[in-house]
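Please keep the sequence and the coordinates in view while reading.

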Amino acid sequence: MIIKSFELNKLNLKYHEIILFYGKNSGLKKESLNILIKNKNISNYDEKGILDNEDNFIENILSKSLFEKEKFIVIKRATDKILKIIETLHLKNLEDTTIILDADNLEKKSKLRSYFEKDKTLVCIPFYPDNDQTLSKLAHIFLRDKKISISSSNINLIVNKCSGDREALINELQKIEYFNKNGKKINSENITKLINLSENHSISELVDNCLAQNKKK
């Protein structure tokens with residue numbers, strides 16, 4: 001069964017025990033995961049690790065603990081290779097267990113995608129890239145809430161850098177937020193420098209140097 005990312009309220013985790021997320025919009029995936037599971041504990045697995053020890057994984061999923069009322073499992077980097085394991089688990093009683101597969105883009109011919117689309121008790125949710133209008137709206141809301149004033153042209157500059165991924169947008173906006181905490185004026189030059197920071201410059205590093213007023217860094 002296919003549903004849209006904005007239709008999460010239709011899901012009943014008691015009935016829809018196995019869910020497939022696919023697509024490149026990692027930011028929207030994270031938001032949706034938080035909506036579904038909220039602040040509950042999640043056990044994260046990688047597909048490769050599961051395939052290396054299938055029996056142990058299945059046993060862990062099916063085992064029940066007196067101290068564990070619910071299980072929430074997220075399988076990262078899922079591909080067609082994991083389909084047989086999912087078919088096996090789908091035939092079992094997964095009461096109080098929710099499994100979410102997180103996959104990259106899956107073509108229409110994908111066996112995993114097709115399996116989820118055709119079964120009414122399974123859920124398949126595509127996460128396509130956000131358009132610039134959506135990202136621009138998110139940026140305006142973020143900046144308004146943080147009381148940061150930036151021109152529309154500079155917001156467009158930030159949005160264009162993010163290639164349709166809201167996670168990348170939030171990362172760029174957080175850079176600006178922490179830069180602004182140091183009392184510096186936000187202008188086009190500063191924004192250009194901030195959004196072009198190399199990937200190995202973490203948010204925490206930027207925060208530390210801003211708070212320490214380390215102008216060179």
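**Contacts, helix packing and backbone**

Setting aside neighbours within four places in sequence, Leu11 is in contact (heavy atoms within 4.5 Å) with Ile3, His16, Ile19, Leu36, Val123 and Ile125. The model is predicted, so local features need pLDDT of at least 70 and side-chain atom pairs count only at pLDDT 80 or more, while totals for chains, interfaces and linings use all residues. Residues are numbered from 1 along each chain as its sequence is written, and side-chain values use heavy atoms, with hydrogens and water left out.

Leu11 belongs to the segment before strand E1 (18-22). Helices (H or I, at least four residues) and strands (E, at least two) are DSSP runs, numbered from the N terminus. Leu11 has a relative accessibility of 13% and therefore counts as buried; buried means under 20% relative accessible area, exposed over 50%, and partly exposed in between, with a 1.4 Å probe and protein chains only.

For the protein chain as a whole, ten helices and five strands are found. Of its 217 residues, 42% are buried. Among contacts in the chain with a separation of 6 or more, 77% join residues 24 or more positions apart.

Two packed helices are described by the angle between their axes and the distance between the axes. Here the axes are lines fitted to C-alpha atoms, for helices over the stretch in contact, and angles run from 0 to 180 degrees between N-to-C directions. Helix H4 (residues 83-90) packs with helix H5 (residues 111-118) at about 25 degrees, the axes being 10 Å apart. H4 and H5 are therefore roughly parallel, since angles under 35 degrees count as roughly parallel, over 145 as roughly antiparallel, 65 to 115 as roughly perpendicular and the rest as oblique. Their crossing is left-handed; a crossing is left-handed if the near helix is turned anticlockwise from the far one by less than a right angle, and right-handed if clockwise. On the H4 side, Leu83, Ile86, Glu87 and His90 meet Lys111, Leu112, Tyr115 and Phe116 of H5. This contact of H4 with H5 has five nonpolar, one polar and two charged residues, where Ala, Val, Leu, Ile, Met, Phe, Trp, Tyr, Cys and Pro count as nonpolar, Asp, Glu, Lys and Arg as charged, and the others, Gly among them, as polar.

A further pair is helix H6 (residues 132-145) and helix H8 (residues 166-180), whose axes come within 11 Å and cross at roughly 30 degrees. That angle makes H6 roughly parallel to H8, and the crossing of H6 and H8 is right-handed. Thr134, Leu135, Leu138, Ala139, Phe142 and Leu143 in H6 are in contact with Arg166, Leu169, Ile170, Leu173, Gln174 and Glu177 in H8. By class, eight nonpolar, two polar and two charged residues make up the contact of H6 with H8.

Backbone geometry is the next topic. Most residues other than glycine have a negative phi. Arg77, not a glycine, has a positive phi of about 55 degrees. Arg77 lies in strand E3 (residues 71-78) and is exposed, at 59% relative accessible area. Lys147 also has a positive phi of about 55 degrees without being a glycine. Lys147 sits in the loop between H6 and helix H7 (152-161), and its relative accessibility of 73% counts as exposed.
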